[in-house]
Amino acid sequence: MNPADTIVARATPPGRGGIAVVRISGPAVRDLAGPLLGALPRPRYATLCGFRGADGEALDLGLALYFPAPHSFTGEDVLELHAHGGVVLADMLVARVLALGARLARPGEFTERAFLNDKLDLTQAEAIADLIDADSQAAARAAQRSLRGDFSAAVLALNEEVTELRSWVEAAIDFPDEDIDFLSDADLARRVEGVAASFRRLEEATRQGCLLREGLNVVIAGRPNAGKSSLLNALAGYDAAIVTPVPGTTRDLIREQLDIDGLPIHVVDTAGLRATTDVVEAQGVSRAQAELARADHALVVLDATADDAASREALLGELPAGLSRTLVRNKIDLTGEPSGLVPGTTDLVHVSALTGAGLPELRQRLRAVAGYQPAGEGSFTARRRHLDSLRSAREHFEAACRQLREQQAGELMAEELLQVQNALAEITGEFTSDDLLGRIFSSFCIGK
């Protein structure tokens, strides 16, 4: 990022609407306000003014809001133009600002500038994208908490505990002639256990945050006519897939988004697994197998009227090794079997997609598979990279504990604790590579 550049982008989606917002940020905002608006608007007041073209003609009449640095979202001078929401008008305004010397913003560049100008840390910046992309109310509320700084505060609190522990250890190194053996002191053991407990709590909260953001990828698989599409329709609450008595009706992938107590479930219905000479159906089976290879979990649908040990084992043998799965024995309305989780098992659920019997237990099973707890007041959104950094920090912490327990090596323990702090700093962006920043902000929408 070149801070000398002034950037511009449309901040509202393309298409017709009530208003279209064009956002401008950078050092040239004051200079371009004159030819564009006639004068620089009063700071932080919505000012009705004309938006002027190159020859002075009026492009539109709308509102302009000026936020002088450093009291703006990006920390730079920011100007927002609120125009009528026509298809072409916003593009005309962007083109006018470009002609005055600005350049088009990259995806996420406004938020990136806010991060680099210390207006928010990296977890808060990511929370903005998470709030925009939230698939459920629970995810949106959790993203708001991350944006407010709850996740950052939890990471900083853990980092402070590690800092205190490291200071205690380094005191033992700096004062070796003292009568007290710091490394054998009971208070140090209590501090170590306290940090370990904090790691456990934060990792669990972060896992829940990842689930809120990313959800669980579930594939519905089974033989033709087992009721896979009927199960999808029953879970979705409407006819998302075509259901007929003809085997092989579903040939392509059908995707649906479910919300189970705030947990996003990304469900894919697939073609029935069987050998076939039909070219189109064979492609559907191939796509089903590819989806299974990428799935977090599979709902393996069995036809209760034709289920036996041999056919079940043959079907399970076609699934990827190690894939987490739930056996869903469907059509129990025809067999008269009781619904729900079969006693003595953890992964076999009897259901009727036709009547809905057993579906509450199946939803409960999906929550248990994900390890999901309904989002509470302390929940926040998190990403896979946050879990990876926490895992790295915990591994260094465990190595530090081994140095204390096995070697009484204070210097090596202190070095491992320093690596713990570096890993935690990657989460909030205090210690982050440019490559990581590029990957994070490139996933944002343009204008944000």
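A crossing is left-handed if the near helix is turned anticlockwise from the far one by less than a right angle, and right-handed if clockwise. The model discussed here is predicted.

Q: Is the crossing in which H4 passes H5 left-handed or right-handed?
A: Helix H4 covers residues 122-133 and helix H5 covers residues 137-148. Their axes lie 8 Å apart. H4 passes H5 in a crossing that is left-handed.

Q: Are H4 and H5 roughly parallel or roughly antiparallel to each other?
A: The two helices pack at an angle of about 160°. Angles over 145 degrees count as roughly antiparallel. H4 and H5 are therefore roughly antiparallel.

Q: How many residues of the contact of H4 with H5 are nonpolar?
A: H4 contributes Gln 124, Ala 127, Ile 128, Asp 130 and Leu 131. H5 contributes Ala 140, Ala 143, Gln 144, Ser 146, Leu 147 and Arg 148. Three residues of this contact are polar and two are charged. The nonpolar ones number six.

Q: How many of the eight residues of strand E5 are buried?
A: Strand E5 spans residues 78-85 and is mostly covered. Buried means under 20% relative accessible area. In E5, the number of buried residues is six.

Q: Which residue in E5 is the bridge partner of Val 21?
A: Strand E2, residues 17-25, pairs with E5 in the antiparallel sense. Eight bridges join E2 and E5. In E5, Val 21 has as its bridge partner His 82.

Q: Which residue in E5 is the bridge partner of Ala 64?
A: Strand E4, residues 58-67, also pairs with E5 in the antiparallel sense, over five bridges. In E5, the bridge partner of Ala 64 is Leu 81.

Key. Residues numbered from 1 in each chain as written. Predicted model: local features only at pLDDT ≥ 70, side-chain atom pairs only at ≥ 80, totals over all residues. Heavy atoms only, no water. Axes fitted to C-alpha atoms, helices over the stretch in contact; angles between N-to-C directions. Helix = DSSP H or I, 4+ residues; strand = E, 2+ residues; numbered from the N terminus. Parallel < 35°, antiparallel > 145°, perpendicular 65-115°, else oblique. Contact = heavy atoms within 4.5 Å. Nonpolar A, V, L, I, M, F, W, Y, C, P; charged D, E, K, R; others polar. Buried < 20%, exposed > 50% of the residue type's maximum accessible area, 1.4 Å probe, protein only. Pairing = 2+ DSSP bridges.
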